[in-house]
Amino acid sequence: MNYARFLTAVSAARKPSPIRMLTELQMRSPPTLISLAGGSPNPNTFPFESASITVTNGQTVTFDAATMKRALQYSPSSGIPELLTWMKNLQKDLHNPPTAAYTPEKGQMDMCVTTGSQEGLCKVFEMLVNPGDNVLLDAPTYSGTLAALQPLGCNLINVPSDQHGIIPTALKEVLSRWDPSEVHEPGSTAPRLLYTIPNGGNPTGASMTAQRKKDVYELARQYDMLIIEDDPYYFLQFDKQPWTPTFLSMDVDGRIIRTDSFSKILSSGLRIGFVTGPKPLVERVVLHIQASTMHTSTFTQLMVSQLLHSWGREGFLQHIDRVIEFYRKQRDAMITSADRWLKDVAEWHAPSAGMFLWIKLKGISDTQKLIMEKALEKEVLLVPGGVFMINSNEACPYIRAAFSLSSPEQMDEGFRRLSSLIKESL
């Protein structure tokens with residue numbers, strides 16, 4: 001893979017931070033090394049001495065004085081070594097990526113920690129997207145993705161999708177505007193990037209089938225595109241494992257950049273995410289981290305790392321099973337309430353992953369005013385579908401309802417109020 005052809009001029013111009021390199025070198029050096037180089041503050045001046053954090057199963061994560069000093073200090077921009085090692089092993093166990101054994105030039109799998117997967121996405125987009133580029137994505141899509149992409153001045157091209165994600169024949173039709181034999185020619189406008197949320201998509205709840213992923217990946221090979229596999233709901237798949245293979249698991253070329261998040265399964269406030277992908281591209285993301293956030297909080301990384309190491313892989317997956325069971329029940333409760341109150345005025349598909357129900361209202365062409373004005377008066381809050389569209393001014397008959405926080409009773413009452421409101425508006 002010629003990764004240089006995918007980089008923006010800004011990303012290609014990034015150089016390693018000499019200070020960051022010295023700091024990380026010092027961390028790997030023997031204690032006999034005398035360093036007069038780093039500008040790290042002296043931890044003896046920090047007011048925090050120790051901490052003990054209780055886990056729901058009664059375990060504790062303990063920071064003694066020495067660990068606390070480390071937790072409050074600078075750390076490597078790519079992530080603390082023990083957390084990265086644990087996560088790399090998990091990725092290999094779950095996805096068995098072909099690239100794990102490749103050389104860096106061929107796209108060897110690498111990984112870095114980011115401050116939530118949103119930071120990873122933003123840095124990946126800024127690494128790959130130039131003004132005027134054609135970027136493919138299945139809209140409606142996550143509003144944070146649109147917020148990150150639109151200021152970059154690219155042309156966002158919608159690939160039609162349904163409850164099973166991107167429709168491969170529709171993607172092929174979109175790509176037919178370009179000749180695959182000319183994608184490497186100077187001045188070619190062929191898309192170099194496809195973005196998708198493959199499981200429990202936000203806002204639609206759509207999940208791609210294995211066959212669709214294979215078909216999409218083959219089209220990416222044909223047109224030499226990178227695929228951003230944004231998968232924050234991977235661990236919220238309601239069906240029993242084994243789950244549908246990921247794009248990463250079928251990546252024989254080193255063309256998948258995957259973002260994962262602990263926000264939905266451990267804590268959203270800890271801000272721990274991961275970028276997994278070809279080493280030459282992950283290194284570019286790390287260079288950007290060096291120049292911006294420097295690194296994700298050492299404290300939260302150590303906190304999560306200690307928990308994961310105490311759980312082990314099986315303990316982690318047992319926790320995932322408990323999380324899945326909770327959200328499955330929440331999903332089922334929302335579907336029951338939707339069946340009770342909305343079946344005459346709306347339509348939907350039950351999601352097999354994620355946190356959202358994507359609802360199309362019958363007889364209403366645009367939900368913006370209905371939701372943002374009238375629904376608020378009825379004291380029920382949802383999200384109008386237009387905010388997830390490439391053109392937010394386009395009329396949209398959809399709304400997004402989240403089943404993550406509300407109780408079954410609140411969902412039922414909310415849908416009762418929504419039903420009444422829809423009927424009044426028809």
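**Cavities and an exposed glycine**

Mentor: A search of the whole structure finds 3 cavities of 30 Å³ or more. On a 1 Å grid over the protein atoms alone, a cavity is a set of points where a 1.4 Å probe fits but cannot get out, and lining residues have an atom within 4 Å of a point. Points are joined across faces, edges and corners, and a volume is the space filled by probe spheres set on them. The model is predicted, with pLDDT of at least 70 needed for local features and 80 or more for side-chain atom pairs, while totals for chains, interfaces and linings use all residues. Residues are numbered from 1 along each chain as its sequence is written, and side-chain values use heavy atoms, without hydrogens or water.

Trainee: What volume has the largest cavity, and which residues line it?

Mentor: Its volume is about 60 Å³, and its lining consists of F6, L128, V129, D133, N134, V135, R192, L193 and L226. This lining has 6 nonpolar, 1 polar and 2 charged residues. Ala, Val, Leu, Ile, Met, Phe, Trp, Tyr, Cys and Pro count as nonpolar, Asp, Glu, Lys and Arg as charged, and the others, Gly among them, as polar.

Trainee: How is the lining of the second largest cavity divided?

Mentor: That lining divides into 3 nonpolar, 2 polar and 4 charged residues, and the cavity has a volume of about 40 Å³.

Trainee: Is G58 buried or exposed?

Mentor: G58 counts as exposed because its relative accessibility is 53% (buried is under 20%, exposed over 50%, partly exposed in between, with a 1.4 Å probe and protein chains only).

Notes:
On a 1 Å grid over the protein atoms alone, a cavity is a set of points where a 1.4 Å probe fits but cannot get out, and a pocket is an open set with protein on both sides within 12 Å along at least five of seven lines; lining residues have an atom within 4 Å of a point.
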